[in-house]
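Hello,

Here is the structure I promised to hand over. Please have a look at it first, and then read on for what turned up in it.

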Amino acid sequence: MAYDEQLAERVRPLMRRRKGFSEKKMFGGVGFMLSGNMCVGVWKEFLILRLGVENYETALSDPDTREFDITGRAMRGWVMVEPAGVELEADLIDWIGQAVKFVRTLPAK
């Protein structure tokens, strides 16, 4: 299954305006980077978020999230948001804001 291009089109303008933005197709999806660090992605119908281990458990308490696991080995600090969790634009903006806040703490690559 290809990634959800409509979701990517909703994410793109929210990420494009940020300093250090780049976009890269990867793993059958698309990744949105900030200063060389992966921040947000779209894989199949899911929004992928890099939130850091400190925010990971809290994010997983949301009923529309699950561990980011596309290989059989979950990546701590990353979550997948189900389509229902980003139906509303305000929710999409909030999730992306959380990922951007975390990724801005990382050194540029």
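**Strands, cores and a pocket**

Strands β3 and β4 are antiparallel partners, paired over four bridges. Please keep in mind as you read that this is a predicted model.

Let me stay with that pair for a moment. Together β3 and β4 make a hairpin, with two residues between the strands. Trp 43 has Phe 46 of β4 as its bridge partner. Lys 44 sits in the loop between β3 and β4, and its phi is positive, near 55 degrees, although Lys 44 is a residue other than glycine. Is Lys 44 buried, partly exposed or exposed? Lys 44 counts as partly exposed because its relative accessibility is 29%, and partly exposed covers the range between under 20% (buried) and over 50% (exposed).

β4 also has a partner in β6: the two run antiparallel and are joined by four bridges. In that pairing, Arg 50 stands opposite Trp 78 of β6. β4 itself is mostly covered, with five of its five residues buried. Phe 46, Ile 48 and Arg 50 point one way from the strand, while Leu 47 and Leu 49 point the other way.

β6 pairs with strand β5 (residues 65-68) as well, again in the antiparallel sense and over four bridges. Here Arg 66 has Met 80 in β6 as its bridge partner. The hairpin of β5 and β6 has six residues between the strands, and Gly 72 in this hairpin takes a positive phi near 95 degrees.

Now to the inside. How many residues does the largest nonpolar core have? There are 27, and those with the most contacts inside this core are Val 11, Met 15, Val 40, Leu 47 and Leu 49. Two or more residues each come from α1 (5-16), β2 (29-34), β3 (37-43), β4 (46-50), α2 (53-60), β6 (75-81) and α3 (89-103). The element that gives the most to the core is α3, with seven residues. Apart from this core lies another, of eight residues, which include Met 38, Phe 46, Ile 48 and Phe 68.

Two residues are worth a look while you have the model open. With neighbours within four places in sequence left aside, Val 11 is in contact with Phe 32, Val 40, Val 42, Leu 47, Leu 92 and Ile 96. Val 100 belongs to helix α3. Val 100 counts as buried because its relative accessibility is 8%, and the cut-off for buried is under 20%. Not counting residues up to four places away in sequence, Val 100 touches Met 15, Arg 18, Leu 34 and Cys 39. Val 100 and Val 42 are 58 residues apart along the chain, and 15 Å separates their C-alpha atoms.

Next, the largest pocket, which holds about 270 Å³ of space. It is lined by 17 residues, and the closest to its centre are Met 26, Phe 27, Met 38, Phe 68 and Ile 70. β2, β3 and β6 are the elements that give two or more residues to the lining. Which element has the largest share of the lining? That is β3, with four residues. By type, the lining residues divide into eleven nonpolar, four polar and two charged.

Phe 27 deserves a paragraph of its own. You will find Phe 27 in the loop between β1 (21-26) and β2. Phe 27 counts as exposed because its relative accessible area is 66%, and the cut-off for exposed is over 50%. The phi of Phe 27 is positive, about 50 degrees, although Phe 27 is not a glycine. Leaving aside neighbours within four places in sequence, Phe 27 is in contact with Trp 43 and Ile 70. Between Phe 27 and Val 42 there are 9.9 Å in space, C-alpha to C-alpha, and the two are 15 residues apart in sequence.

Enjoy exploring, and write back whenever you like.

Best wishes

Methods: Residues are numbered from 1 along each chain as its sequence is written. This is a predicted model: local features need pLDDT of at least 70, side-chain atom pairs count only at pLDDT 80 or more; totals for chains, interfaces and linings use all residues. Side-chain values use heavy atoms; hydrogens and water are left out. A nonpolar core is a set of buried Ala, Val, Leu, Ile, Met, Phe, Trp, Tyr and Cys residues joined through side-chain atoms within 4.5 Å. Buried means under 20% relative accessible area, exposed over 50%, partly exposed in between (1.4 Å probe, protein chains only). Contact means heavy atoms within 4.5 Å. On a 1 Å grid over the protein atoms alone, a cavity is a set of points where a 1.4 Å probe fits but cannot get out, and a pocket is an open set with protein on both sides within 12 Å along at least five of seven lines; lining residues have an atom within 4 Å of a point. Grid points are joined across faces, edges and corners, and a volume is the space filled by probe spheres set on the points. Ala, Val, Leu, Ile, Met, Phe, Trp, Tyr, Cys and Pro count as nonpolar, Asp, Glu, Lys and Arg as charged, and the others, Gly among them, as polar. Two strands pair if DSSP finds at least two bridges between them.
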